[in-house]
Amino acid sequence: MALTGLDIFKLLPKTNCKKCGMPTCLAFAMALAQKRAKLDDCPDVSQEAKDKLAAAAAPPMRKVVFGAGEAEVRIGQETVVFRHEEKFHSPTVLGATVSDKLGGDELTKRIEAVNALQFERVGTKIGAGAVAVVNDSGSPDSFAKTATAVKENCELAMILVSDSPEAMAAAVAQVKDAVPLLSHASLDTVSKMAKIAKDNGCPLVAKAKSIEDLAELSEKIKAEGVEDIVLSLESPGLREKLFDHSKVRLLGLKKVFRPLGYPMISFVTDGDADAQAASAISLICKYSGVVIVDTVEQYAFLAMLTTVMNVFTDPQKPVQVEPKVYPIGEPDQNSPVMFTTNFSLTYYTVESDVEASRIPSYILVVDTEGTSVLTAYSGDKLNEKTVADAMAKFGVEDLVKHRKLIIPGYVAVMSGKLEEATNWEVMVGPRECSMLPKYLQEVWN
Ligand code: SF4
């Protein structure tokens, strides 16, 4: 459990010397408990007190790393239940299964399909981060062979999925340098699975039917010497699983209940691609550090990855692009010039519509602190002065010989003042940038 202000106070020098900037040691202790102060602010605190406070201040959720080299992924280390309290830190790792019943061409095709789950969205590369080799055959030999084939042909972090300690040992022996996540230990297999994980330096999934069993299991795994644990709940349905995940998260973070202070993994294998994507998206929102699905449909992954991208952005910091002039195609001195804001989603939407027009253009990106056109305008971050300043700063006058500036239709109201501030003729573009290709081809041309 986290230390209270009074617990912390007992560990402080109690001299009320004020060197920390607080009037008393008690005030400092209370501020520390509420995370409004840092222990380093007290120069006189003893080493013993530092050690005790550091142990109590350890993150409530452990960080777990698996995969090796470029494939390494990090999950856990979350600090809040709700994103708006701060932000979520470790984006959910998405992956697809590869059954050890596959062989020959089928196995090759499946691995290729998993490898192809990579995309680019709003200028960022996103994609599957894990591949789960599943011991459907029950055979240790097949499991080991499939794991080896996956290791040789897929560069994603590996998860080995088997109930059988014998099969797990056989597969890990072949791929242990890939640092796979081992899934899973149950209350029946905990000693054997924990030994395999410990001997090979791999993290281990604890899988149980109830939260109580899960807490007991994670304690047993820890007692066997495995520190890196991932939790898996066998809830009867999605509804129950979402409830259970919320309870685990609350107990782990708010109550600092250490047996549940680990990231969670979910396997979604029922239903078609649409159903799997819908369930996976719910589980991304409700605290799964890893979600493994059976489908390798690209559209399903794109929806899941987009969810991860949105949930794991900092809500206080919009995703931004660098303010500057972006040439689209190979513009010349007669090319159109338009502006938009540095909110990533806005910029990349405009960029793709301008590209679609096939008319080489310049897009001036104005720094609006990552807000969209209307938000920036209503917050006075997008006005005739900020646009004129950006035009001067990035040398827009030197790029073209005409003096015509296309502005977003939503801010047509700033036309007059903008013409006065820049001496450029303002052309009001369409409200929706999806109409830009038509506008550029019919109005500009
Ligand atoms: Fe107390 Fe340390 Fe602050 Fe001095 S610096 S008042 S000893 S907490």
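**Ground rules**

I number residues from 1 along each chain as its sequence is written, and side-chain values use heavy atoms, with hydrogens and water left out. As this is a predicted model, local features need pLDDT of at least 70 and side-chain atom pairs count only at pLDDT 80 or more, while totals for chains, interfaces and linings use all residues.

**Entry 1: the overall chain**

Helices (H or I, at least four residues) and strands (E, at least two) are DSSP runs, numbered from the N terminus. The C-alpha trace spans about 75 × 75 × 35 Å along its principal axes. Of the 445 residues in the chain, 48% are buried. Buried means under 20% relative accessible area, exposed means over 50%, and partly exposed is in between, with a 1.4 Å probe and protein chains only.

**Entry 2: cavities**

A search of the whole structure gave me two cavities of 30 Å³ or more. On a 1 Å grid over the protein atoms alone, a cavity is a set of points where a 1.4 Å probe fits but cannot get out, and lining residues have an atom within 4 Å of a point. The points are joined across faces, edges and corners, and a volume is the space filled by probe spheres set on them.

I put the largest cavity at about 110 Å³. It has 16 lining residues, and Glu78, Arg249, Tyr287, Ser288 and Gly289 are the closest to its centre. Helix H10 (273–285) and strand S12 (288–293) are the elements that give two or more residues to this lining. By class I count nine nonpolar, five polar and two charged residues there. In this scheme Ala, Val, Leu, Ile, Met, Phe, Trp, Tyr, Cys and Pro are nonpolar, Asp, Glu, Lys and Arg are charged, and the others, Gly among them, are polar.

The second largest cavity has a volume of about 80 Å³. I find 14 residues in its lining, with Cys17, Lys18, Cys20, Cys25 and Cys42 nearest the centre. This lining divides into eight nonpolar, three polar and three charged residues.

**Entry 3: the ligand**

Where does the ligand sit? The space it takes is the second largest cavity; to sit in a cavity, a molecule must have more than half of its atoms within 2 Å of the grid points. Around the ligand I listed Pro13, Thr15, Asn16, Cys17, Lys18, Lys19, Cys20, Cys25, Phe28, Cys42 and Pro43. To be near a molecule, a residue needs a heavy atom within 4 Å of it. This shell divides into seven nonpolar, two polar and two charged residues.

I then took a second look at lysine 18, which belongs to the shell around the ligand. Lysine 18 is in the loop between helix H1 (5–11) and helix H2 (25–33). Its phi is near 75 degrees, a positive value in a residue other than glycine. With a relative accessible area of 52%, lysine 18 is exposed.

**Entry 4: cysteines**

How many disulfides does the structure hold? I found zero, taking a disulfide as a pair of cysteine sulfur atoms within 2.5 Å. I checked cysteine 202 by itself: the closest cysteine sulfur, in cysteine 154, is 17 Å from its own, so the two are too far apart for a bond. Cysteine 202 is buried at 4% relative accessible area, while cysteine 285 is partly exposed at 36%.

I noted a cis peptide bond from serine 183 to histidine 184, with omega near 25 degrees. Histidine 184 is in strand S8 (residues 181–185). Glutamate 369 has a positive phi near 60 degrees, and it is not a glycine. I place glutamate 369 in the loop between strand S15 (361–366) and helix H13 (373–378).

**Entry 5: a few distances**

Tyrosine 362 lies in strand S15 and is buried at 9% relative accessibility.

Lysine 207, in strand S9 (residues 204–208), is partly exposed at 25%. From its C-alpha to that of leucine 26, 181 residues apart along the chain, I read 43 Å.

Lysine 401 is in the loop between helix H15 (396–399) and strand S16 (404–407), and at 58% it counts as exposed. The C-alpha atoms of lysine 401 and serine 142 are 69 Å apart, and the two residues are 259 apart along the chain.

Technical notes: 1 Å grid on protein atoms, 1.4 Å probe; cavity = no way out; pocket = protein on both sides within 12 Å on 5 of 7 lines; lining within 4 Å.
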